[in-house]
Amino acid sequence: MLTLRLPHPGTLVAFAILGLVVGGFIALATFDGGTPTLFSIGPYLGRVLAFSIIQATLSTVLSLALGIGLALALVRRSFPGRGIVLAALSTTMVMPTIVAVFAVFAVYGRSGWLSEGLAFFGWPGGITIFGYPGILIAHVFLNAPFVARITLDGLNQIPAEHWRLATAFGFTPAQIFRHLDWPVLRTELPGIAGLIFLMCFKSFAIVLALGGGPSRSTLEVAIYEALKIDLDFGRVAWLALIQLAICLSMTGLLHWAFTRPPVGHTVRSLVRRPDAGNRRLKALDSIVLAIAALFIAPLALSVLTGLRNIPDILGADLLQAFFTSMIIAAAAAVIACLLALALASAARRKRLVLRSPRIAAFYDFLPDTLLAVPPFALTAGLFLLIQRSGDPSSAGLILLPLINGLAAVPFAYRFVAPHLLTVEERYGRVAASLGLAGWAKLTIMDWPVLKRPLAAGFALAMALSFGDFGIIALFGGTELVTLPYLLYERLGAYRLDEASAVGLVIVLVAFLLAHISGRLSHAGH
Amino acid sequence: MLVIENCRLTWPDFAADYSLSVKAGNLCAVIGPSGGGKTTLLHMIAGFETPQSGTLTFDGQNLLPLAPAKRPVAIVFQDHNLFPHLNVTQNVGLGIRPSLRLTEGEKMLIEETLQAVGLGGFENRKPGEMSGGQRQRVALARALVSGRPLILLDEPFSSLDPTLRRDMILLVDEMRRKRPVTILMTIHTPEDAAHVADQMAFVADGKVVASGQPAEILNSALAPRIAAAVSNS
């Protein structure tokens, strides 16, 4: 007799996510936009693509150079304040891009610190940051610390025995680099490089604010402009289709090359590196540290200047925007956590209970795909879907938490999945012998172990979503204002003082949430 | 002859004071509870830890002022002895010359030594493609080709199963008969080494509590403490 069994919620979620992406894709591909053809937008598309690739390549190379130099200098040196630097490196993970845009304006802008400093020495002025300089500065500012952080984690994994052997063999600094540092860098580099390239390729806020011209657009910005300004849905469909195809295939490549980034703490290995005393390396490291400090510190500090302007922005606008941001962030975090939980438990079931590691690997891969899904391309697709069957004006309220939530799934997944696996390995057999399954298994066996990592994932998802300036650019306006949108408006009006205060509020909330997340995830160990 | 006299080391939570001598060409098994200071003793001889006072000499040469690389010492750890990106020949070659610019004669020596430890034909393998026992044999080969007269083995075979462990200890014994080397080996299970070691030292609370013939030590008043140390770890 055939019995109808409900599929695992994770399976449903996986199909729903695939459905959203594929549905958006199909909506785009089948959209009959009338006039524009791929041929007619060809030259424009070529320019946008060329710009996207060049700026992403340059951003990646510069971020890697500075980040790796910084990591090596930090791992070889100890100096007062090193602990603070290490802690600060992790914070750029949740540094909102729109705040980085503000920092670039504040330091390198027309009336920024640099021009004021140069004017003081009699420089006539006239630095322009629009185009490559501003975009590269912002991208390197956000990504170099991330590179340094991941590389440091990798370098700290070198076993103490290897350092003792290097000492015992009398390795020169060059041999230490070749046999100890380089093997680590070589395994980490392709993944980090690919990830940063992808992030810069689909960069939105930074390129929108600092691009300074229609030819200096990424595909995401081009889609935004076509949607918001030109209302040219035919062009939107083409651009989004190409963007989706490029980003998804890059993720496939990346997944193939990338081992999962380590979620470790940065602990210093207890063994002294034998090359720490080398004079040339000391000089080199000092130079690298000085460059990093001169580049990163002003940008980071510029946000703090907002403190004195906070009284000026306190008002109904700010409160309204704050609450809107909070509600959207919380809704996005709920979506991210539920999806991550469903996917992770499906992956676990496949791996440990049904013993099909291939399907489990697919569930593990799905969240990473979401990291690559370009929000504007996906939004464009969903927007076209909704437009056919419903009311586009309310689309923003559904799409904002949904898109932000989807983008945060990979982060929530990384918190939840390992714990689910561990608990199954420990208690799975007991649970099976007791007949615990489904909801009972979740509440009795999983929940005690899961609540902290889930809360940590929730807080991080909120932090990421709270500061996000993505598709809000599309739906924001008089009726819907989030804090990042408010910041963008103030920047657009060249009201840097108010912008600095809004930026500070965003950063404080995002960092506070990320900090809570960090505390929750480490408290259990 | 290795002579350690009143070598004192102190940390906030641990203090050690070692005195021990081992005759040239002897194999000395170091036993004792974990956390008792066995590894610290070896690390001090190798130069990774510096005593605040005391003397440490080998064949009359004072080792204390020498950097680890300059000491007549080769060391094998319990784990992580090999660099995963280098093949077996290169890993062994590091013991001769860290630049890995090896002469034909040195390559021959490596090949012969690998054959002697039962790894002939493994020259181009990477550590990741070998078993734990094979990896430790590569590390042993490296200690042997380095030509250094004092070899320190820090729990070298503890992660191997009992049969393999005994085979490896027999291999160490066989090797030292071919070439005169002095060996200090920390070990978990004293009975494994009892029949090959010339000397046994019981280390606990940072001190060499007793040292002498293996049979003597194992049948002394320390027997209950030794048994406790083995069963507790």
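Student: Leaving aside neighbours within four places in sequence, with which residues is Phe157(B) in contact?
Tutor: In this predicted model, Phe157(B) sits in the loop between strand 7 (150-154) and helix 5 (162-178) of chain B. Once its neighbours within four places in sequence are set aside, the contacts of Phe157(B) are Gln136(B), Arg165(B), Met168(B) and Ile169(B).

Student: Is Phe157(B) buried or exposed?
Tutor: A residue counts as buried if 20 or more other C-beta atoms lie within 10 Å of its own. Phe157(B) has 29 other C-beta atoms within 10 Å, so Phe157(B) is buried.

Student: How far apart in space are Phe157(B) and Gln199(B), C-alpha to C-alpha?
Tutor: In sequence, 42 residues separate Phe157(B) and Gln199(B). In space, C-alpha to C-alpha, the separation of Phe157(B) and Gln199(B) is 19 Å.

Student: Why is helix 1 of chain B described as largely enclosed by the rest of the structure?
Tutor: Helix 1 of chain B covers residues 38-46, and its buried residues include Lys38(B), Leu41(B) and Ile45(B). Gly47(B), with a positive phi near 105°, follows this helix. Helix 1 of chain B is largely enclosed because the buried residues number seven of the nine.

Student: Where is Asp59(B), and is it buried, exposed or partly exposed?
Tutor: Most residues other than glycine have a negative phi. Asp59(B), by contrast, has a positive phi near 50°. Asp59(B) lies in the loop between strand 4 (53-58) and strand 5 (61-62) of chain B. With 13 other C-beta atoms within 10 Å, Asp59(B) is partly exposed.

Student: In which loop is Asp205(B) placed?
Tutor: Asp205(B) is not a glycine, although its phi is positive, at about 50°. Asp205(B) has 14 other C-beta atoms within 10 Å and is therefore partly exposed. Its place is the loop between strand 9 (199-204) and strand 10 (207-212) of chain B.

Student: In strand 2 of chain B, which residue is the bridge partner of Val3(B)?
Tutor: Strand 1 (residues 2-11) and strand 2 (residues 14-22) of chain B are paired in the antiparallel sense, over eight bridges. A hairpin of two residues joins strand 1 of chain B to strand 2 of chain B. The bridge partner of Val3(B) in strand 2 of chain B is Ser21(B).

Student: On the side of chain B that touches chain A, how many residues are nonpolar, polar and charged?
Tutor: The contact draws twelve residues from chain A and 15 residues from chain B. Those on the chain B side divide into ten nonpolar, four polar and one charged.

Student: What is the radius of gyration of chain A, and what would a compact globule have?
Tutor: Chain A has 21 helices and zero strands. Of its 525 residues, 49% are buried. Its C-alpha atoms fill a box of roughly 85 × 65 × 50 Å along the principal axes. A compact globule with 525 residues would have a radius of gyration near 24 Å, which agrees with that of chain A, 24 Å.

Note on methods:
Residues numbered from 1 in each chain as written. Chains lettered and ligands numbered in written order. Predicted model: local features only at pLDDT ≥ 70, side-chain atom pairs only at ≥ 80, totals over all residues. Pairing = 2+ DSSP bridges. Helix = DSSP H or I, 4+ residues; strand = E, 2+ residues; numbered from the N terminus. Contact = placed C-beta atoms within 7 Å. Nonpolar A, V, L, I, M, F, W, Y, C, P; charged D, E, K, R; others polar. Buried ≥ 20, exposed ≤ 12 C-beta atoms within 10 Å, placed from the backbone. Rg over C-alpha atoms; globule rule 2.2 N^0.38 Å.
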